[in-house]
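Here is a brief report on selected local features. Have the sequence and the coordinates at hand.

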Amino acid sequence: DFADAAFTLKVGRRPFKHRRMAICRSAEDAARILEARDPKMFFTALHDGPARRAVFMFPGQGSQYVNMGRELYEQEPVFTAVVDSAAAALQAHLGFDLRDVLYPAQPSEELSARLTKTSVAQPALFVVEYATARLLMSWGIKPEACIGHSVGEFVAACLAGVMSEEDALKLVALRGRLMEQMPAGAMLAVPLPEARMSRLLGEGLWLAAVNHASLTVVSGDHAHIEQLEKKLQDEGVESQRLHTSHAFHSGMMDGAVAPFVAAVRQVALKAPDIPYISNVSGTWIQASEATDPVYWGRQIREAVRFSTGVAELLQKADRVYVEAGPGNTLGTLVRRQATAKTAQSVFPTLRHAREDGSDCPSLLSAVGRLWASGVAVDWDAFYQNE
C-alpha cells in the first residue's frame, strides 16, 4: 500500500543527511517523478545537525482571493475548526458569515469585488493565515519567530499570545472598518531606496512601506499620487499603482487612529511568548510596545519597515522561512535580500491568486521542503486524521 510505504519512510527510519521529497498521488506517480531526474519535479536538500527553526511570515492586504485555502478547509480538520470558530466570532462584528464570501457555493465577480473591500479583506486574511499557522503547528512545525506585513502583524501578535483569538478578531474587524471609512486614496510602488524616495515626498504624500532596500511604497490622495507618477515617469522611473482604495499607512489614516486605540484599551494585552518583528520599528517587538494600545494606533499610521525586519531575521543564518498565507509576495522580498543559500529556504504554503492548482499539494510541498531542509515535523501528528 503506497500510503503505508510513505508513512513508514517518515516514521520508521532515522534521519539522513541527504533528503529528497516529491508530491505523489500513487506509487506509479512516484516512480515516474524519481526516474525522470528532473529537479523541477522534486526538492533535494542536505541537512546534518540540530533541527532548523522556522520563521512564519504573514502577508498583508492585496494577497486575498475568493477560495484561498478552500481545499484545506474541506480536508484538514484543524484548519476547518479554526475557520469555523473565527467565522462564528466575527459574525457579530461583520454582520455576515465570512465563509459565504471566502468559500461560496458559486464564485462570482461580485464576491471577488466584495473581498477587495478593506473591511472584508483584513478579517479574511487574518482568519486564513491564522488557520494555516495553527495547522502547521499541529504538525509540530513551531515558529521560532514571526513577521507580518501590516494586518499580518496581528496574526503574529495573536500567535504570540499578545491578544486572545477573540480579541484579535474583534480588533481586526474594527481596524478594517475604520480604515475603509477614511478618505479614498492611492498607493504607488516605486523601485527607489527610502532616502531618494523621501526627497520626492511633499504635501499629500507619505512613505507607506519599505519592502526592500530599493523598493518603497508611497501613499497619498489621488491628485498627488498622479503628480508623483508623472514626475517619476519623466525621470525614467517605472512605478506601479497598487490595487487599493485607500492610502494606507499615511496621514490619511489619522482619523482611524484614536478610535482604534480606544478599542485596544478595552482588551487584555500580554507580553509576547514568541518573538516577532514590529512593522513600526523593523526590529523585535518589545513587551512595552506590544502591550501599549498607542503602539497599535501607530501601526495603522506609520510606514511598514519590512525590509529592516527581514535584515534582522537574516542575521541568524540557519532559519527557514514559511509564508503562512496566500501567495509568495513576502517570500520573494526575503529571497531578494537573502544570500543564495538562504534564498533556497523560503517556502510558500498557499497558491497565489493568479496561479492555478490546488491548496493541499501546495501546503504538502511546503511541509516536505521544510523537512528536507532540516525542520522537525511530528509525523504521528501529521497522520492522526488519516
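## Cysteines, a buried glutamate and a sheet

C360 counts as buried, at 11% relative accessibility (buried is under 20% relative accessible area, exposed over 50%, partly exposed in between, with a 1.4 Å probe and protein chains only). This is a predicted model: local features need pLDDT of at least 70, side-chain atom pairs count only at pLDDT 80 or more, and totals for chains, interfaces and linings use all residues. Residues are numbered from 1 along each chain as its sequence is written, and side-chain values use heavy atoms, without hydrogens and water.

The disulfide count is 0, where a disulfide is a pair of cysteine sulfur atoms within 2.5 Å. Two cysteines illustrate this.

| Cysteine | Nearest cysteine sulfur | Distance |
|---|---|---|
| C24 | C360 | 15 Å |
| C360 | C24 | 15 Å |

C24 is partly exposed, at 25% relative accessibility.

E153 lies in helix 8 (residues 152-159); helices are DSSP runs of H or I, at least four residues, and strands are runs of E, at least two, numbered from the N terminus. E153 is buried but has no salt bridge (a side-chain nitrogen of Lys or Arg within 4 Å of a carboxyl oxygen of Asp or Glu). R175, the nearest side chain of opposite charge, is 7.2 Å away. Beyond four places in sequence, E153 has contacts including Y276, N279, W296 and Q299 (heavy atoms within 4.5 Å).

An open sheet of 4 strands runs in the order 6-7-5-8, with antiparallel pairing; strands pair if DSSP finds at least two bridges between them. Strand 6 (205-212) and strand 8 (240-241) each have a single partner strand, so one side of each lacks a neighbour in the sheet. Strand 5 (residues 186-190) pairs with strand 8 over 2 bridges. There, L188 stands opposite R241.

How values were computed. Lys and Arg count as positive and Asp and Glu as negative; His and the chain ends are not counted.
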